[in-house]
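The model is shown first.

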Amino acid sequence: MTTTMNSESSNNSNTPAAGPVMTSSKQPVQSAKNVDTQSVLKRLQSELMALMMSGDSGISAFPEEDNIFCWKGTITGSKDTVFEGTEYKLSLSFLTDYPFKAPKVKFETGCFHPNVDVYGNICLDILQDKWSSAYDVRTILLSIQSLLGEPNTSSPLNNQAAALWGNQAEYRKMVEKLYKPSS
């Protein structure tokens, strides 16, 4: 179990809230906030390497430019689903409490799906109340890819998509109309 200290209550009044704190031996010591940021940075770097080495089909993600806390991801619809051949862009935003709190994940490209609203918000339990610090970016992407083919129609964010889901032929036509390039 990891405990973080509130920087306001743990610092002396003449000690800055962030940055090195000097001890009596004049050696700089990292503040709790900087240590937390560094551990998140290391975790995200490790996850990036693991994701790149995993070779998982249809998922990828990379930091946006030089900001390791903001990633752009891509998911391709799985074979034998109505989303087969479609590609979706996602944004992943990590805060300094990651991995103890889930990142904010949204579809950047439109996704007609029972568990995705028109703003790209995703209703997925592991991104909310079922989050675990054992999850990583790869787990998130694979879970969203799986959700595409196996939605939870009893908890929809998009009622139209949920109502149409039972008719896969019509649903496939809607997905193709909306997202697949015409030949």
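Q: In this predicted model, which residue in β4 is the bridge partner of I59?
A: The bridge partner of I59 in β4 is I75.

Q: What makes β3 and strand β4 a pair?
A: Two strands count as paired if at least two bridges are found between them. β3 and strand β4 (residues 67–76) have 6 bridges in the antiparallel sense, and therefore they meet the criterion of at least two.

Q: Why are β3 and β6 called edge strands?
A: The open sheet has 4 strands in the order β3-β4-β5-β6, with antiparallel pairing. β3 (59–64) and β6 (104–107) each pair on one side only. On average, neighbouring strands of this sheet are turned by 25 degrees against each other, direction ignored.

Q: What makes helix α3 a helix that packs on the sheet?
A: Contact requires heavy atoms within 4.5 Å. Helix α3 (residues 137–149) touches β3, β4, β5 (87–93) and β6. The direction of helix α3 makes about 130 degrees with that of β3.

Q: Why is M49 called partly exposed?
A: Buried means under 20% relative accessible area and exposed means over 50%. M49 has a relative accessible area of 46%, so M49 is partly exposed. The residue M49 lies in helix α2.

Q: How do you know that M49 can belong to a surface patch?
A: Patch residues need over 30% relative accessible area; M49, at 46%, therefore passes this cut-off. M49, M52, M53 and F62 form the nonpolar patch, with about 450 Å² of accessible area together.

Q: Which helix gives the most to the nonpolar patch?
A: Helix α2 (residues 32–54) does, with 3 residues.

How values were computed. Residues numbered from 1 in each chain as written. Predicted model: local features only at pLDDT ≥ 70, side-chain atom pairs only at ≥ 80, totals over all residues. Heavy atoms only, no water. Patch = residues over 30% accessible without salt bridge, like charges linked within 9 Å, V, L, I, M, F, W, Y side chains within 5 Å. Areas by Shrake-Rupley, 256 points an atom, 1.4 Å probe, with all protein chains shown as cover. Salt bridge = Lys/Arg side-chain N within 4 Å of Asp/Glu carboxyl O. Helix = DSSP H or I, 4+ residues; strand = E, 2+ residues; numbered from the N terminus. Buried < 20%, exposed > 50% of the residue type's maximum accessible area, 1.4 Å probe, protein only. Axes fitted to C-alpha atoms, helices over the stretch in contact; angles between N-to-C directions.
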